[in-house]
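Dear colleague,

Please read the notes alongside the model.

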Amino acid sequence: MPKHEFSVDMTCEGCAEAVSRVLNKLGGVQFSVDLPSKKVCIDSEHSVDTLLATLNKTGKAVSYVGPK
């Protein structure tokens, strides 16, 4: 499964939970959230555009870092 890294402007545990919530709703993903470095690594067959759109639902600033 392709692995992608995203930068997400998370400032607290609630932000990290919001990211987890939207990714779990999407399904078909395995992910890890690194709150201190504001990074989310996602293993998924979904396109980068789909993953970006999903992460944007949190209302946080999101950018694609690249393949991991």
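**Aromatic rings and cysteines**

One aromatic pair turns up when the whole structure is searched, where rings of Phe, Tyr and Trp (its six-membered ring) pair if their centres lie within 6.5 Å, and planes under 30 degrees apart count as stacked, over 60 as edge-to-face and the rest as tilted. The pair is tilted, because the ring centres of F6 and Y64 are 5.1 Å apart and their planes stand at 50 degrees. It links distant parts of the chain, 58 residues apart, with F6 in strand β1 (residues 3-8) and Y64 in strand β4 (residues 62-67); strands (E, at least two residues) are DSSP runs, numbered from the N terminus.

This is a predicted model, in which local features need pLDDT of at least 70 and side-chain atom pairs count only at pLDDT 80 or more, while totals for chains, interfaces and linings use all residues. Residues are numbered from 1 along each chain as its sequence is written, and side-chain values use heavy atoms, with hydrogens and water left out.

For accessibility, buried means under 20% relative accessible area, exposed over 50% and partly exposed in between (1.4 Å probe, protein chains only). F6 is buried at 0%, whereas Y64 is partly exposed at 32%.

Taking a disulfide as a pair of cysteine sulfur atoms within 2.5 Å, the count is zero. The sulfur of C12 is too far for a bond, because the closest cysteine sulfur, in C15, is 3.5 Å away. C41 is in no disulfide either, its nearest cysteine sulfur being that of C15 at 18 Å. C12 is partly exposed at 36% relative accessibility, and C41 is buried at 12%.

Best regards

Methods:
Helices (H or I, at least four residues) and strands (E, at least two) are DSSP runs, numbered from the N terminus.
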